[in-house]
Amino acid sequence: MASEIVDLVIVGAGPAGLAAAIEARQWGLSVTLLDEQAASGGQIYRAVDAASARKRAVLGEDYAAGAHLTKAFIDSGARHIAGAAVWNVGRDLKVNFLHNGVSKFVQARQIILASGAMERPFPIPGWTLPGVMGAGAAQILYKSAGALPSEPVVLAGCGPLLYLLASQYLQAGVELKAVIHTTQHNDYLRAASHLPAALRGWRDLRKGMRMLAQLRRSKVPVFGGAQALSIEGKDRAQAICFTHKGQPYRVEASLILLHQGVVPNSQLSWSLRAKHLWNDAQLCWVPETDDYGQIEDSGIYVAGDSRGIVGAKASASQGKLAALAVAGNLAHLREEDRVNRESALRQELQSLVHIRPFLDALYRPPVAQRVPLDDSVIVCRCEEVTAGQIRKYAELGCQGPNQTKAFGRCGMGACQGRLCGLTVTELIAQARGVSPDDIGYYRIRPPIKPITLGELAG
């Protein structure tokens, strides 16, 4: 239990959460940061403080730079509760969490949710076979445990992380059998209109060009504009099949890493019954907030990629802005100081998001990789519900994802809809001929994370 009231409770120790804590402490707020991992850094800077020089060299300068943020957080004096699984955030500003097998809570005056992003579902035939996993998950294995593939790897999908991981694997000596990306000619044309703004973020563009050049120098086979992706195998992955320039291809591999971008981890904001909007540019749900990230007039803010994908540096800027707003609400700074600081932070944020519309347009996941054409493809991995079953539910009158629970337990497994929610929304929208906004999402209820009755009682 917790008896004291904390000025600010932050959920998540990634870039947004750490930056928010540092900013809040600069204005004299008491801060408690809760995070499920053993060390701060989130997914993007996972285990950065313990990383060897070799690992930092492989993962690159952007990863290594996270150490400056984690050190500044430690020096800030904020209270950090590691290994804390937050299972409920209430409108009464109470945060419940599981820590060392015991359920505890902390009472806040204000809250910042910085729960980050997760990989977008990639429901194609064979995606549930052993030997198939997310590229982001594979990267986390290297960050946290130094684990690298001992066999040739195929990377498939779209998005910057695909090329980043390919570059990192080459640096680490991993053999890449192929990189298969789905970016089509129309994607380049769609992105072209955003290029002038993207050029303001020329450093990021230059990094991308370097990664592509590295692939060429390493003579890794790259198949661009691939379509009709599927994984072949009976008991485990044996090959990936696709079409390239109208011709069928098959690349044998027992380890296939899929990726088509990341989406907000919005379970906490959904559980608060906050209004969410369908972001058609990023093809995901985002919470409706004010300019500081506040949900309605609740005293609860959302910052970073859980508010909409913006990237690590921009997430940190959003975290600072949210913390500044909290400091202002709690009368911890003069109005003149707030205005000056806010102006600087907004300029910083604006300089970091110029490239985002370009990336969103260029790496828009194809419909066939979001909404399975094959009725036999499993959508809900926990309950083994297929795309065909969900289409049948829609024919029988199912109105949205929440109703699929009654029709066939879809979304009722351990992940609570994280891996299937977006796919189910788009499947039903397509079947009913309406927009995802008209369909909605699962009704998320606490506990957000699994908790036993014994832990709850304790």
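In which helix is Lys 313 found? Select residues 312–329 and you have the answer: Lys 313 sits in helix α11. (Helices are DSSP runs of H or I, at least four residues, and strands are runs of E, at least two, numbered from the N terminus.)

Before going on: this is a predicted model, where local features need pLDDT of at least 70 and side-chain atom pairs count only at pLDDT 80 or more, while totals for chains, interfaces and linings use all residues. Residues are numbered from 1 along each chain as its sequence is written, and side-chain values use heavy atoms, with hydrogens and water left out.

(Patch residues have over 30% relative accessible area and no salt bridge, with like charges joined within 9 Å; area is Shrake-Rupley with a 1.4 Å probe, and a salt bridge is a Lys or Arg side-chain nitrogen within 4 Å of an Asp or Glu carboxyl oxygen.) Helix α9, residues 202–217, gives the largest share, three residues.

Next, pick out the open five-strand sheet, β8-β15-β9-β10-β11, with parallel pairing. (Strands pair if DSSP finds at least two bridges between them.) β8 (132–134) and β11 (222–223) are at the edges with a single partner strand each, so one side of each has no neighbour in the sheet. Now zoom in on β9 (153–158) and β15 (256–260), paired over five bridges; Ala 156 has Leu 258 in β15 as its bridge partner.

Last stop: the open three-strand sheet β12-β13-β14, paired antiparallel. Select 239–244 for β13, which pairs with β14 over six bridges, and look for Thr 243 opposite Pro 248 in β14.
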